[in-house]
Amino acid sequence: MRKDVLISIQSTQQVDGDYDEMELTTFGSYYEKNGKYYIVYQESEATGFEEDTTTTVKVEGESRVTMIRNGMQRSQLIMERGKRHLCHYGTEYGNIIIGVLTDNIVSSLKEDGGRVDFNYTLDIDGALASENTVRINVKECDREHE
């Protein structure tokens, strides 16, 4: 059963010694299917995407997180602990293939929400592009009474 949730995302990205931090709080939906948790939300101009862009984060325990972005710029990033995946990433300039290597995934997601943290590196043609950390908090809410 889908639940309305408040989603808080904190991420940092390090590129050539420069840090960029982003924080986003938005409403979305959350559900469990076949032992996997799904966090779904709409992107906005604040995150650099068109408003018709939907992001789905699929969390498979502490072993794998998949981020799927559907809209004008489609992407699928697979973060699997200790494995490098070549992933499709859509940009406004065209599609690229990037390498994703995940160091760690920690999840406390349960039926009523929780948190997932993960960190990973991105590379293009084997050259390090960025080091990233993401923390997603999911909290059940009642949107009718806001």
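Biologist: How many salt bridges does a search of the whole structure find?

Modeller: The search turns up 10 salt bridges. Keep in mind that this is a predicted model.

Biologist: What makes Arg64 and Glu60 a salt bridge?

Modeller: Their side chains come to 3.7 Å, N to O. The cut-off is within 4 Å, so the pair qualifies.

Biologist: Why is Glu80 called buried?

Modeller: Its relative accessible area is 15%. Buried means under 20%, so Glu80 gets the label.

Biologist: Then why is Arg64 called partly exposed?

Modeller: Arg64 has 24% relative accessibility. Partly exposed runs between the buried cut-off of 20% and the exposed one of 50%, so Arg64 belongs there.

Biologist: What does Lys83 meet in a salt bridge, and why does Lys83 count as partly exposed?

Modeller: Lys83 pairs with Glu80 at 3.6 Å, N to O. Through shared partners, salt bridges join Lys58, Glu60, Arg64, Glu80 and Lys83 into one network.

Biologist: On to the nonpolar side. Which residues have the most contacts inside the largest nonpolar core?

Modeller: Those are Val65, Phe118 and Ile136, in a core of 27 residues. β9 provides the largest share of this core, 4 residues.

Biologist: What is Ile136 in contact with, leaving aside neighbours within four places in sequence?

Modeller: Among them are Ile7, Ile9, Ile39, Val57, Val116 and Phe118. Ser8, Arg115 and Asp117 are also included.

Biologist: What volume does the largest pocket have, and which residues are closest to its centre?

Modeller: The volume is about 760 Å³. Of the 29 lining residues, Gln13, Arg69, Tyr89, Tyr120 and Asn132 are the closest to the centre.

Biologist: What makes up that lining by class, and which strand gives the most to it?

Modeller: The lining of the largest pocket has 16 nonpolar, 9 polar and 4 charged residues. β10 gives the most, with 5 residues. Strands supplying at least two residues each include β1 (3-15), β2 (18-33) and β8 (94-107).

Key. Residues are numbered from 1 along each chain as its sequence is written. This is a predicted model: local features need pLDDT of at least 70, side-chain atom pairs count only at pLDDT 80 or more; totals for chains, interfaces and linings use all residues. Side-chain values use heavy atoms; hydrogens and water are left out. On a 1 Å grid over the protein atoms alone, a cavity is a set of points where a 1.4 Å probe fits but cannot get out, and a pocket is an open set with protein on both sides within 12 Å along at least five of seven lines; lining residues have an atom within 4 Å of a point. Grid points are joined across faces, edges and corners, and a volume is the space filled by probe spheres set on the points. Ala, Val, Leu, Ile, Met, Phe, Trp, Tyr, Cys and Pro count as nonpolar, Asp, Glu, Lys and Arg as charged, and the others, Gly among them, as polar. A nonpolar core is a set of buried Ala, Val, Leu, Ile, Met, Phe, Trp, Tyr and Cys residues joined through side-chain atoms within 4.5 Å. Buried means under 20% relative accessible area, exposed over 50%, partly exposed in between (1.4 Å probe, protein chains only). Contact means heavy atoms within 4.5 Å.
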